[in-house]
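Here is the note you asked for on this model. Please read it with the coordinates open.

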Amino acid sequence: MSFLDLRSLTKRFGDISAVEDFSLSVAKGEFVSLLGPSGCGKTTTLQMIAGFINPTSGSMILNGKNLAAIPARARGLGIVFQTYALFPHMTVAENVGFGLEMRKVPKAERKRRVAEALDLVHLSHLTDRHPQAMSGGQRQRVALGRALVIQPELLLLDEPLSNLDAKLRDEMRLELRRIHKEAGVTTLLVTHDQDEAMALSDRVAVMRQGRLEQVDTPFEAYEGPRSTFISGFLGKTNTLRGDLLETTESGSRFRREGLILDGPVAHHIPGPVEVCLRPERIDLVEADEALVSGIVSERIFLGNQWLFRVDTPLGELMICRRNRGRREAEPGETVHLSWKPEHLRILPVEVQG
Amino acid sequence: MRRNGAFALVFNGIFALFMVAPLVVVIGVAFTPEGYLEFPPSGLSFRWFQAILDNPDFIEAAWISLELGVVSATLATAFAVPAALAIGRGRFAGREGMQALFLSPLTVPTVVLGIAFLRFLSLFDINGTFVGLVLCHAIIITPFILRLVLASVAGLDRSLEKAAISLGASDWTVFRRVTLPLILPGVVGGWVLAFITSFDELTVTVFIVNPSTTTLPVRLFSHITQTTDPLVASISTVVILFTVLLMVVLDRLYGLDRLLMGEGAR
Amino acid sequence: MSVFSSSAARPWLLSGPALALFASLLVTPIVMTVLLSFREFSFYGGISDTLGLSNYIEILGDGYFYEIFLRTFLIALGTTVLCVLLGVPEAYFIHRMGPLWRSMMLLVVLGPLLISVVVRTLGWAILLGNKGVINDLLTRMELIERPLKMMYTSGGIVLALTHVMIPFMILAVWASLQRQDPDSERAAESLGAGPVTVFLRVVLPQCVPGILSGSLIVFSLSASAFATPAILGGRRVKVVSTTVYDEFLNTLNWPLGAAIAVLLLVSIMTIMVAWTRLVERRHGEALQ
Ligand SMILES: Nc1ncnc2c1ncn2[C@@H]1O[C@H](COP(=O)(O)OP(=O)(O)OP(=O)(O)O)[C@@H](O)[C@H]1O
Ligand SMILES: [Mg+2]
């Protein structure tokens, strides 16, 4: 039995379909990320669960209760808004205590629980500050504390880290993980940052144009993208269009630009396909071992790694190599490339529309 | 979804009624066929609108108000725009004080302004003259123009002017070809707002007119303090329609919500 | 050299004409008025050349003037309170409306700001008169037997002034509402607050700066309003500005009128400064 069950959730604004037939089950204690490009309907989905937007159709069940029948204020969910939405006229303690006050929790207990929550988010020393006298990361923690203190059955986070600078974002990412572990609350995180989604979640749910495309553990989604869109969205990828010639028990073969290549075991019907290959799976080898050779057209240094663009008979390939402090091929040099057939991922051709 | 409840709707309805009621009764009364004030009117008659034409006093006053509005708004714009440019971008000693001075007609009680102008103008024996009216109105309406132009100047990207200078434009050319077109909505909006303010001004004007320069609000005011008849209602109706017309113009030129609410209007 | 390079003289050149106008036609006349208020006046000799405090002594020694000042400030206070009570909820409700309704209501609420005060007050005179629309309506509904007296009362003036001033309050509160994070209301709701609690605990406190600045504007404009009390109060309910008017244009005792006006100016300025101080001390650090 899943804890949160979203069935065929749909939201249309006039003609615009913001969320279409969205179904997702989340287990108790699980951390799931809703990932997708801007405008794909992540916030709309979250706001429907929170009760600030009425779904056009579909159902939402949380712990056996039909959410649609409960007004936003009675749903008891913890929500962290993208802008944090801290009450500027209240201190940190008053902000965090607000939800308990609404629940008419006695003063003494309220005080104790606020202290606990502030402890959890490491803010015990700033109890009496006003939010505007705090840094972005600290506000973020207050917002989390305020959402968690009411012991919500479900925690909803809408791009909670997007307003922070890169370094703080990494730090808060670890904090979020720790807090999730300690509080153990079922969490739904909205983000368009794939690193964030993969680093934090038990499962990622990738959305595209209002639809859910794939739900998997970060590793499975990265390794086994169900579409070229997901493959391109989760990390970098080379996408090659070709013709699948045959599939056998032990592998497959396809053709691109007159070259025949070995591929992994596939169950697709022979014909046009797309093949994805991660840049970090391509090795530089000696000429006699190469599957294909090409000329480096561009080289970018990223600190911990090098990125190459190589012109090959297959088309332009992106290659990623860890920086080992050695000399690397320069633009204009010829390099020889190889990869294992199982690192190719054969996908159906995207229908544009 | 945020939605107002029943209480909010009722409150809002009553409030809207409160806001429009005085205007509606004025317009309603103006159409009465009777010789006294009645609302709702017992019939629909243009009798009292025709009566306006038989009262050259009012027509003359309306012309004076129009001329006064146009001339003083133009004069005030000519003064306020350079001042707004100076205040809006300079960081010089006295900037705050200068701005406070130019905005002070908004905070000094209007009766005080009225008697001050009266005292000053009568010393030079120009009280009641059109020139005196224009100068005093220019002072009263300058803050309205200044505020709108300041808002436009604040929203101006200064690198545009620098770009023009780097391309060899002279001061005057930069102003005419780059700065002015960009702040023009603020200038025009300010002019219209200033015109309306001048056209409606009573408290100061009542001290500094003479019988030959009496403006429409002053004539209307002295008429109302003696008697309220349907004639003042029909004249007021014309004033309301004229103002609404100007509001439409303002809306087209500058955006009424932006004018009234500032830049943050959604 | 350009208009915008930092030549020290440039801003003064640009604002020179306006400065000249304001110095000669605003500052000088006001100073002269203050001086005028210290001159003596007699009906035979006119305005004397000697300076003295006689006008102020006359005003401060006469209960009649106390009454007028007290009435003026009570009317201003009443108007301010009504504007807060009506304007704050209205601004919030408009804030919550859909875009179409919102722009319509803003037009209804703020449009009158541009319409002549004389015309608006005429409307109130027609509404409030003994044979006015309201009395007529109430009599016909048989709720009252004799007409309610609303013309020539302070109450009538407060009502009409509220109509004239409330757009300023709504504008000020609106500005506060615009600065608020719309998610803060949602946050309160998600934590279990009902609509009334959201308004009282989350929205209203964030509006306080707007309410305070709106109150200041409404109070000072009401205390110096002329057209509305002159038309609705007539000779019977006099306020400071109408008294000044009478002294200047009927009694022709200019020095006394000037002294009354100076007292009005000084008291309004004092109230404004004190109020601003108070607000800054109270809310300076808590809200930006
Ligand atoms: N109130 C509304 N009226 C009309 N269309 C809306 C409304 N709210 C959202 N939309 C549309 O619905 C789609 C999904 O919006 P949503 O805010 O859910 O996207 P998102 O995935 O959260 O994007 P982002 O990453 O930019 O926050 C968008 O195309 C948006 O334009
Ligand atoms: Mg979003």
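The points below go from conventions to chain A, then to chains B and C.

1. Conventions. The model is predicted, so local features need pLDDT of at least 70, side-chain atom pairs count only at pLDDT 80 or more, and totals for chains, interfaces and linings use all residues. Residues are numbered from 1 along each chain as its sequence is written, chains are lettered from A and ligands numbered from 1 in the order in which they are written, and side-chain values use heavy atoms, with hydrogens and water left out.

2. Chain A overall. Chain A has eight helices and 20 strands. Both are DSSP runs numbered from the N terminus: helices are H or I with at least four residues, strands E with at least two. The C-alpha atoms fill a box of roughly 75 × 50 × 35 Å along the principal axes. Of the 353 residues in chain A, 51% are buried. Buried means under 20% relative accessible area, exposed over 50%, and partly exposed in between (1.4 Å probe, protein chains only).

3. The accessible surface is about 16400 Å², with 48% from carbon and sulfur atoms. Areas come from the Shrake-Rupley method with a 1.4 Å probe; for residues, only the protein chains shown count as cover. Take the contacts (heavy atoms within 4.5 Å). Among those between residues at least 6 apart in sequence, 65% join residues at least 24 apart.

4. The open sheet in chain A. Four strands run in the order 2-1-4-5, with antiparallel pairing. Strand 2 (16–26) and strand 5 (65–66) of chain A are at the edges with a single partner strand each, so one side of each lacks a neighbour in the sheet. Pairing requires at least two DSSP bridges between two strands. Strand 1 (residues 4–13) and strand 2 of chain A share seven bridges. Leu4(A) stands opposite Val26(A) there.

5. Helix over the sheet. Helix 1 (residues 42–50) of chain A lies across strand 1, strand 2 and strand 4 (57–62) of chain A, at about 115° to strand 1. Axes are lines fitted to C-alpha atoms, for helices over the stretch in contact; angles run from 0 to 180 degrees between N-to-C directions.

6. Strand 11 (residues 238–247) and strand 12 (residues 252–256) are antiparallel, with four bridges. They form a hairpin with four residues between them. Asp243(A) is opposite Arg255(A). Strand 12 also pairs antiparallel with strand 13 (residues 259–263), over five bridges. Arg253(A) has Asp262(A) as its bridge partner in strand 13. That hairpin has two residues between its strands, and Glu257(A) takes a positive phi near 50° in it. Which face of strand 12 is covered? Ser252(A), Phe254(A) and Arg256(A) make up the covered face, Arg253(A) and Arg255(A) the uncovered one.

7. Salt bridges. The criterion is a side-chain nitrogen of Lys or Arg within 4 Å of a carboxyl oxygen of Asp or Glu. Asp5(A) and Arg7(A) form one, with closest N and O atoms 2.7 Å apart. Asp5(A) is buried at 11%; Arg7(A) is partly exposed at 47%. Asp216(A) and Arg226(A) form another, at 4.0 Å. Asp216(A) lies in strand 10 (residues 211–216) of chain A and Arg226(A) in the loop between helix 7 (218–223) and helix 8 (228–233), so the pair ties together parts ten residues apart in sequence. Glu109(A), Arg112(A), Arg113(A) and Glu116(A) form a linked network.

8. Backbone geometry to inspect. Asp21(A) is not a glycine, yet has a positive phi of about 50°. Asp21(A) lies in strand 2 of chain A. Glu142(C) has a positive phi near 60° and is exposed at 69% relative accessibility. In chain B, the peptide bond from Phe39(B) to Pro40(B) is cis, with omega near -5°. Pro40(B) sits in the loop between helix 1 (6–30) and helix 2 (47–53) of chain B.

9. Chain C. Phe41(C), in strand 1 (residues 39–42) of chain C, is partly exposed at 24% relative accessibility. Phe41(C) and Trp254(C) are 213 residues apart in sequence, with C-alpha atoms 7.8 Å apart.
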